[in-house]
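The following paragraphs lead the reader through a two-chain model, beginning with the contact between its chains.

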Amino acid sequence: MTALRVLAMRVKAFVLGSRNDRDLDDDIRVHLDLLTQEYVRRGLSSEDAYAAARRAFGGAEQMKEVYRDQRGLPLIDGLVQDLRYAGRMFRRDPGFTAVAVLSLAMGIGASTAAFSVFNGVMLRPLPVPDAGRLVLLEPQRRGTQFILFNPIFEELRRRQRTLAGVFADDDRPFLKVTVDDAASSSYVRSSLVSGSYFSVLGVSPSLGRLLSERDDQLPETSGGESCAAVISHQFWVRRFQQNADVLRRTLRVRDMLCAIVGVAPQGFISHQGGYAPDVWLPLRPLTDRKLLESRSMAFFGGVMGRLAPGVGMRQAETELTALYQQILAADAETRPADFRIHVVSGAQGFDHVRRQFSTSLTIVLAAVGVVLLIASANVATLLLGRGAARLPELATRAALGAGRLRLMRQLVTEGSLLAALGAVLGLALAWIATPALASLVWTGDAVLADPRVIAVAIGATVLAALVCGVLPALRVSDATLRASMAHDGRTTTSHGQRLTRTLVAAQLALSLVLVTAAGLLLRTLLHFSGIDPGFRPEHVVMLDVRDEKPGSSFGRVDTAEQKAARAVLYRTVDERLNALPGVRAASVSWLGLFSRQDLWLPLIDPDRPDSRPEGRVDYVSPRYFETMGMQILRGRGITDRDREGTERVAVVNEALARARFGGDETLGRRLAIKYTGEQERPFTIVGVVRDSKYNNLRELRTEPMMWMPIAQAPFRMSSVALRVEPHAEAAVARQAETVLKQTDGHLMVREITTLSAQLHRNTARERLLLGLSSGFGSLAVLLAGVGLYGTLAYAVRRRTREIGIRLAFGARRRAVLSMILSDALKLVALGIGVGVPIAVAGGYSLRAFLFGVAPVDPAALAAACAVLALAALVAAYIPARRAAAVDPVVALRWE
Amino acid sequence: MNPPPSEVPYGTLDLMVLKTLQVMGALHGYGIARRIEQMAEGALALNQGTIYPALLRLEQKGWIASEWGTSETNRRARFYSITRAGRKQLAAEADTWARTVAMVNRLLEE
């Protein structure tokens, strides 16, 4: 109580400020007057009486000092004083202040922006109640990722007791829906989910109701071809203008009519950051019966649950694994002991995006951390240099009675003020940079106003303040102050220089790490561009297409009539596309090149039926190889004469010919595909094409592949490719879309790109990292250069007299020049010596992104060292020139 | 000859100020200092200025209160008086003091 009271009084006095001083002065005056009168009464002269009164009163000034410390908040008083002083110093040297604040702003801004993206992708929990209790169920077989088949999932869900609820999810980013009775359909982003989805996540509707278990029954049980749909708040706004009558609207999905029963709340995105569905639909009514019953084909992307009260993750894992093994034991072919359910935290939702980006994001984070360190060290270097120049001033203040602690506090305040200014500007930079940086990674949100991001921003600022405030302050030892006084501030002890030089070397070392990383990534990308893909990617327009004609669905074999009708349709499309102006060759195919699909099927040799290794397959139209620019080495390609009724023919690549038939003649051999209805009808090989990349430039070995006429395909087309005249890409793409729409309204275009863009996308991560590492690397080299320049410039100023003497005694100016330059190179050598091992370690951490270049690449290292040495020479040149230009007469008279 | 005046023992100045105010009522700083010197009869070397930090300390703790008034020389001066909390504190402190002194005396007499 008393302590609080004292604090309150102190705060009050602090606020009142100088009025207190006047009050105390009044008290003292009265006191001295009365005391003097007393002495006069005792018989002293008025002068003697006054002197005696002063003596009896004691040291008034000392007392005032004690009184002040006792009265207000001396720490804050001092701080305000320090800040005022620092502000004056900065105003007097705006150039220095600008460089320091900008350096720190870039360091702090970059770390904050990078961390906010990292946080958004990797750390931020789903915005649902009690997200920490959500778990992901990951089946494993012998320690590697496995799949949970639906019947087993359903049994597991029915029998388990450790989870309060559990759901499966199947994301469909392109789902064709028709709103009400609209004439045309469109694609929506959707998720097919178990009925427990919203209750497990703990979400309540903003309108209507959400999905329940009753919505997730098989059509037979729920009675008919109807289902329920929940739409996202965003979709409600975008498509239905937030109209409440949305609850009377319907969505037609294939042959199902789904009534919109509710709208999800505004803040809810989904079960996974970065994926924002427009529509949630119940999983079972909309999934093919065959898939639901399959014990060999999986369809859903993941399983998430919420732990029951009082159950921990380990307990859930033990019990779910036991149950899983028990269920699998019914299947004679499997060894249940091989299987287990791995339970991991689901607080951040499904981790597909996180897995994809975790390594690159961690690397980016490390890189910006390095930049922050360099920036802080740089400002510390500048402050040290200036601190040395200020030693005489500090020494004077010390002589006038300022304690060493007081002076150190002053320097720490200055460093902290710089860091704070840097932080303000840095946050503004982060504000601008974060959305741009986030959009490189994903479609989700990266929020700056998040406790973790704020903590990191503050942490970065504190780190900067410590490095650039405390380091210079530590140098203000009594010894340096005394020395400075004694030598009139014209020479400095060497150990101050040593700290500065260490900092500069550290900056150079850290820059080397970033520049080397950039070099490795550059070599990787150069390697990519040097790869011969086996086709010609220039001027090829690609359309991602879906044949949405109703009638058949997964696993159901089309009738001969359906296949025939389709073959005619695709031939018509093919002919019309080839007739477009500006088109050199066009083709339609089942999968196409670089379509991110990778389908393998067993290929059976009818002569040796037990030999059935898998190979890639595709079905293509006649001019496919010409469109892609692939080279037919032997035999022929697919032609217009290969139709649904004619002989079944195939073209294979060299890899398949080599793997299956060794050195024997390939043409004329036969292979059949293991697929319902196809097994008994082999294809005769009529041609061999040159090996080429398929959907990944990183693939070192070409895999066996076989192409067959699309007219003889059991599957639908999904890709259109057109080789066009240069610069005709955009026009042809538009026309091709129209041709598809006009030929058949069910041919819907999902995406239009070019083949080179697809290749480009294949190296997106590497290019992103290269961009960031070279950007950060340049920044780092620039900062290190500024640090080096500052140090050398100061050293030259300090040594002007010495240089003058050397010149007076006949030293050549070239010698002076090379003396300063070699000084710089010594620092570079030190930086490189320390930096190379770190750069090598950095190279190893980049391993996953390197292709065609080893983590320790002498060329990249040498180039980085050269860049650094060059930057150092440029930075050193101006001070060196200044040293060489010293006029001995002026330098000596300077005494 | 009188023994040389001794320093003010640590912590006793507060006690002396409180006692003075309890006996004399409201006083300004000079009055308090004078009164303490008179009572010590020259046995105490008091730098009179040191009572101002002590007065501030006591006021911050709420044991005394101050009020602006006019001094004998017709100037503005602060007059201090003891508060109820101050009286309580004085009683407790005086008691502790008496017991400490008694104990020390017993020790010295043995």
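The contact takes 22 residues from chain A and 21 residues from chain B, two residues being in contact if their C-beta atoms, placed from the backbone, lie within 7 Å. On the side of chain A that touches chain B, two or more residues each come from helices H1 (2-16), H2 (18-41), H3 (46-57) and H4 (60-71) of chain A; helices (H or I, at least four residues) and strands (E, at least two) are DSSP runs, numbered from the N terminus. H2(A) gives the most to this side, with nine residues.

The model is predicted: local features need pLDDT of at least 70 and side-chain atom pairs pLDDT 80 or more, whereas totals for chains, interfaces and linings use all residues. Residues are numbered from 1 along each chain as its sequence is written, with chains lettered from A and ligands numbered from 1 in the order in which they are written.

Chain B has an open sheet of three strands in the order S1-S3-S2, with antiparallel pairing; strands pair if DSSP finds at least two bridges between them. Strands S1 (27-28) and S2 (64-70) of chain B stand at the edges with a single partner strand each, so one side of each is left without a neighbour in the sheet. Seven bridges join S2(B) to S3(B), residues 76-82, and B:Thr70 stands opposite B:Arg76 in S3(B). H2(A) packs on this sheet, touching S1 and S3 of chain B, and its direction makes about 90° with that of S3(B) (axes are lines fitted to C-alpha atoms, for helices over the stretch in contact, and angles run from 0 to 180 degrees between N-to-C directions).
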